[in-house]
Structures are given as structure tokens and as C-alpha cells.
Amino acid sequence: MKILQSNAGVLTNYEVLALFRSRGAGKDPTCVIAAVAPSEFKVYDYLEQTVASHQTIEIIHKFVEDCEKYDLAKGVMLNIVNIRPSSAVEIDPVIFVKLLLFCCYLNTIVDS
Amino acid sequence: MFVMSEIEHTLRLPPHLLNLPLNVAIKGELESLFLDKVIDKLGLCVSVYDILSIDGGFIFPGDGASTYTARFRLVMFRPYVGEVISARLKESTKNGLRLSLGFFGDIYVLVPLMPNPYHTEPDPEHKNGIKWVWEYMGENYPIDWTDEIRFRVHSVSYPPIPIEQGIDSEQNDSEEKDLRQKDLKPFAPMVITGSLDADGLGPTAWWV
């Protein structure tokens, strides 16, 4: 086995969920007929209980566009998309920067 | 939380799969090789994303199967340090918490990374269990079994595979040896250490 690229791209929880849905994971309650392995079903079950089950690609693209002005790191944006914080205290552990100036942006990011 | 990794691997395609289309047979073999396995420094393989190329197909002398070299991408579970993830409580002991995502259960929150200040209470519903309680502004906030718990990834480690588990050559007493083997946890090839010691972390019910 040869690792050509350890990081060939990052996926949001929604994209992984969409991958399993495209293989028929959501349409097979028996978890046998669809081309999805039992271990993949466990990941699917976890992601179905997260906010990713209510997201669409348009919502994620709009959020990324709206966040361009805040100059957030990709990892931070990915984390915000995955957990969808609904208050400033929930976004606090995601964004480490404690600059007084940046605190003003917290509420506007949550509103986005 | 999920990352794609590009891998090249040479694999032998057993003859009983020759009736299947080549990409289907190769994908099946790759899934049996990599799915739900931990690759050192890459993480837990969750799915085969796609196959980029298949080369070869040579049959070596004395072998009935053909050998292919495939380039493909795998979806790996590999959270980065500092990422905030939601999980469920799996174990609560005096050493800390063990959390689980369902498909991955080796997430540990050790005592120094628990929310401070805290105290512990015995848990009557679980044998040898401890209930952790965060103290804040005179109120007690317990960590319950039904809560969704948010933790921040403190570190991701890949312990080396042990040569022999639980066997000590100097241990002569067989009863003591049996007790030690029962206390040992099964080997975990990937361990995530989490932290709850920050605002917004811990059970989501604390912050609603």
C-alpha cells in the first residue's frame, strides 16, 4: 500500500451523508439490500442524527459566501457547518481567537 | 471530521469474482481490505469514495488470480486537534469519561480535561460508575447518560500494536495473571483524547 496523498480533500458531514444516500442508505430499512456496508450504516446513523440531515448544498454554499468577509480558516468554517451553533457560547470553543475586535463578529456569524 | 486520502495498492483479484465487472470486483476487494480499519496516521477508513485508475491484470505463474494496481480515494475519519464534535456517553468512571460516536468508541476525556470545578457522586444505576458534576455559580450541572455531549479534540494518537497483551513472564501466580487480563482494555489502534474544559463544551443541555 502506498499513500499518494494523505489529505486529498476535506468533506463536510453533509457530503459524507449525501454519499451514503446516493448509494441507497436512506431507502433501505433492512440495511441489507443497499450497496452500503454495515460499518458505513453506523456512520450513516450517526450523521442522520446531526444537523447534516437537514442541510443542503445550497445552504452550505451560501454560508461559505456569507463568511468570506470574516476571513475564517477553512477548518473553522467546516466545524461551524458541521455543528451549526445557535448561540455565541456554542461558537466560542470553535473560534479560538479572543481579540476584543473579533468578539463583535460572533453574533453576526451566528445570525448568518 | 472526514478527510479523503488517495492510496495506491496492489491487490489480487480472486478467480470467483471474474464474472463481475472489473470496477465492482475491485471495489468489493478494497472494501474488504480497508473498510472499518485504522491506517496509521490516516485515521479510520469509513468508505471507498471512488476508484481513480486500475492497471495491470497480470496473472503470475502458478497463480489462478490476476493482480491489479488500483489508485483510489478513501473517506477517512480523522478529526483535527481543536475540532468540536458531538458524541454520546459510553462510560463514566473515576478516570474520566468514555464517549462514542456509534461507529467509533475510543474517545476519552481524562480527569484534567473535565470542566472545573467539579465533584463526583456514585452512580446507583451503573456498577462501579461515577457521575461527574460541574459546579458553577452555586449550581450543579451533572453529566447524564441521555445527553449529547460536545467535546473538543485535544489529541489523536495511534498506539503501536502490542506484541503480547497481558502476559508478563515474571508473573507466576495464575490467579493474579487472570485478574490483570480481565482489567486490561482491548487494544485500540486509534485513540482520541477530548476536552470539556471550555465554555460551550459538555452536554448541550447546559448551554440551551
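So, the lining of the largest pocket: by class, 9 nonpolar, 10 polar and 8 charged residues. Here Ala, Val, Leu, Ile, Met, Phe, Trp, Tyr, Cys and Pro count as nonpolar, Asp, Glu, Lys and Arg as charged, and the others, Gly among them, as polar. Keep in mind that this is a predicted model, where local features need pLDDT of at least 70, side-chain atom pairs count only at pLDDT 80 or more, and totals for chains, interfaces and linings use all residues. Residues are numbered from 1 along each chain as its sequence is written, chains are lettered from A and ligands numbered from 1 in the order in which they are written, and side-chain values use heavy atoms, leaving out hydrogens and water.

A pocket, on a 1 Å grid over the protein atoms alone, is an open set of points where a 1.4 Å probe fits, with protein on both sides within 12 Å along at least five of seven lines; lining residues have an atom within 4 Å of a point.

Okay, which residues sit closest to the centre of the largest pocket? Out of 27 lining residues, they're Tyr46(A), Gln49(A), Thr50(A), Ser86(B) and Glu148(B). The largest share of that lining, 5 residues, comes from β5(B), a strand, meaning a DSSP run of E with at least two residues, numbered from the N terminus.

On to the second largest pocket. Its lining has 16 residues, and nearest its centre you'll find Glu91(B), Thr93(B), Asn95(B), Tyr108(B) and Lys185(B). Split by class, that's 6 nonpolar, 6 polar and 4 charged. β5, β6 (96–100), β7 (107–110) and β12 (191–195) of chain B each give two or more residues to this lining.

Definitions and conventions:
Helix = DSSP H or I, 4+ residues; strand = E, 2+ residues; numbered from the N terminus.
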